[in-house]
Amino acid sequence: MSDTLVLDTQGYPVTFVSWQRAVNLQWQDRAVVVCEDAERILRSPSFEMGLPRVIKLRNHISRKLRLKVPMTRRNIAIRDHSSCQYCGVLLETREYTIDHIVPRARGGKSVWTNLVLACVDCNKRKSDHTPPEAGLRLRQKPVEPNQFDPRFNFRLHINTLRPEWSDYKAYLYWNVELEK
Ligand SMILES: [Zn+2]
């Protein structure tokens, strides 16, 4: 999905889309291509172009492109007030562990509502159990943060920093995405 970086009308990165979506947005005249990939050429009988790597929206369109709060370790810690969601102890950054409430081994997903900040002790005690099985209780129900909440960091995350995106480096994290 992260083929093409999308800039808003002001030129700030807002999201990533597949290259097919990027080409469609251009065809519909809703975006202009800012940067093409010189090494991946798209060909049809009637056109030839480099795969779009950066596009810029012509106007504020489609709520589907709306930015969500990136699910990073840091943003989970901000939501959870840097405290273990089981015992309540305040944690230093280096002490953060992320717990899957429904364990991954039992089909638990890496989503906002299934991830909480936990201390090492509670995380160990919980292991592959659910909270009731481990005798633990969540202090609050984890929710997905509101995108308008200014406390959260909105840098987009990617696995590889492509050369075409280096101008936007300040807005991107790479190699730090949480496992999906
Ligand atoms: Zn704890």
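**Close-up views of a predicted model**

**View 1. An open sheet of four strands is ordered E2-E1-E4-E3 and has mixed pairing.** The edges are taken by strand E2 (13-17) and strand E3 (31-43), each of which has a single partner strand, so one side of each lacks a neighbour in the sheet. On average, and with direction ignored, neighbouring strands of this sheet are turned by 35 degrees against each other. The model shown here is predicted.

**View 2. Strand E1 (residues 4-7) and strand E4 (residues 48-57) run parallel and are joined by three bridges.** Opposite Leu7 stands Lys56 in E4. Helix H1 (residues 19-27) packs on the sheet, with contacts to E1, E2, E3 and E4. The direction of H1 makes about 80 degrees with that of E4.

**View 3. E1 pairs with E2 in the antiparallel sense, over four bridges.** Pro13 in E2 is the bridge partner of Leu7. The hairpin of E1 and E2 has five residues between the strands, and in this hairpin Gly11 takes a positive phi near 95 degrees.

**View 4. The chain as a whole contains four helices and eight strands.** Along the sequence these follow the pattern β-β-α-β-β-α-β-β-α-α-β-β. The radius of gyration of the chain is 20 Å, well over the 16 Å that the globule rule gives for 180 residues, so the chain is more spread out than a compact globule. Taken along the principal axes, the C-alpha atoms fill a box of roughly 65 × 30 × 25 Å. Of the 180 residues, 19% count as buried. Among contacts between residues at least 6 apart in sequence, 57% join residues at least 24 apart.

Key. Residues numbered from 1 in each chain as written. Predicted model: local features only at pLDDT ≥ 70, side-chain atom pairs only at ≥ 80, totals over all residues. Pairing = 2+ DSSP bridges. Helix = DSSP H or I, 4+ residues; strand = E, 2+ residues; numbered from the N terminus. Axes fitted to C-alpha atoms, helices over the stretch in contact; angles between N-to-C directions. Contact = placed C-beta atoms within 7 Å. Rg over C-alpha atoms; globule rule 2.2 N^0.38 Å. Buried ≥ 20, exposed ≤ 12 C-beta atoms within 10 Å, placed from the backbone.
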